[in-house]
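Here is a short briefing on one protein model. Please look over the sequence and the structure before reading on.

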Amino acid sequence: MSDPSRPVAPKRSRHLLDPADLHAHHQRSQGSMESLTRVQTWVISILAVSTILHLSVGAVFIAYFSDADRLDARIGANVIASLIGVLAVACGMLIHRRSPISPWLALGLLPGIVGAVLTFTRG
């Protein structure tokens with residue numbers, strides 16, 4: 001049993017540091033190298049894919065603002081936008097060490113499809 005004459009230390013809140021256990025608290029607060037690697041992988045893949053997709057959107061702008069009588073240029077720029085979009089998705093898959101051949105590649109066709117709709121429906 002506990003000694004009633006001995007004072008009881010108040011229970012420390014979890015969010016406060018324990019001066020007697022600073023090293024262990026620091027170790028618990030640090031993430032593992034695996035989580036750091038995962039975050040780095042996601043950051044680099046988002047940067048790479050978004051940068052490449054900007055190039056794809058640029059090709060859509062070229063198709064949109066090209067002359068209406070240059071049908072070959074408008075179609076070609078939209079096809080190039082689709083190819084660049086597919087490459088962007090494949091790049092993201094490779095950064096995550098996954099096979100680039102997957103159904104997700106169809107998502108890369110989206111800039112070219114949207115570009116074609118915008119290009120050929122304008123008046």
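Which residues lie nearest the centre of the largest pocket? They are Val 49, Leu 53, Ala 88, Val 89 and Leu 107. The model is predicted. The protein has four helices and zero strands. The points below cover the fold, the pocket and a group of aromatic rings.

**Overall fold**
- Along the sequence, the pattern reads α-α-α-α.
- The protein has 123 residues, and 21% of them count as buried.
- Among contacts with a separation of 6 or more, 59% join residues 24 or more positions apart.
- The accessible surface is about 9700 Å². Carbon and sulfur atoms account for 68% of that surface.

**The largest pocket**
- The space in the largest pocket is about 510 Å³.
- Its lining is made up of 24 residues.
- Three helices each give at least two residues to this lining: α2 (33-65), α3 (71-95) and α4 (110-121).
- Helix α2 supplies the largest share, with ten residues.
- Sorted by class, the lining holds 18 nonpolar residues, five polar ones and one charged one.

**The aromatic rings**
- Two aromatic pairs occur in the structure.
- Phe 61 and Phe 65 form a stacked pair.
- Why are Phe 61 and Phe 65 separated by about one helical turn? They sit four residues apart in helix α2, so about one turn lies between them.
- Tyr 64 and Phe 65 form an edge-to-face pair. Here the centres are 5.0 Å apart, with 90° between the planes. The pair counts as edge-to-face because the angle is over 60 degrees.
- Ring pairs link Phe 61, Tyr 64 and Phe 65 into a cluster.

**Exposure of the ring cluster**
- Is Phe 65 buried or exposed? Phe 65 is exposed, with a relative accessible area of 60%. The value is over 50%, so Phe 65 falls in the exposed class.
- Phe 61 is partly exposed, at a relative accessible area of 48%.
- Tyr 64 is also partly exposed, at 27%. Buried would mean under 20%, so Tyr 64 does not count as buried.

How values were computed: Residues are numbered from 1 along each chain as its sequence is written. This is a predicted model: local features need pLDDT of at least 70, side-chain atom pairs count only at pLDDT 80 or more; totals for chains, interfaces and linings use all residues. Side-chain values use heavy atoms; hydrogens and water are left out. On a 1 Å grid over the protein atoms alone, a cavity is a set of points where a 1.4 Å probe fits but cannot get out, and a pocket is an open set with protein on both sides within 12 Å along at least five of seven lines; lining residues have an atom within 4 Å of a point. Grid points are joined across faces, edges and corners, and a volume is the space filled by probe spheres set on the points. Ala, Val, Leu, Ile, Met, Phe, Trp, Tyr, Cys and Pro count as nonpolar, Asp, Glu, Lys and Arg as charged, and the others, Gly among them, as polar. Rings of Phe, Tyr and Trp (its six-membered ring) pair if their centres lie within 6.5 Å; planes under 30 degrees apart count as stacked, over 60 as edge-to-face and the rest as tilted. Buried means under 20% relative accessible area, exposed over 50%, partly exposed in between (1.4 Å probe, protein chains only). Contact means heavy atoms within 4.5 Å. Accessible areas come from the Shrake-Rupley method with a 1.4 Å probe; for residues, only the protein chains shown count as cover.
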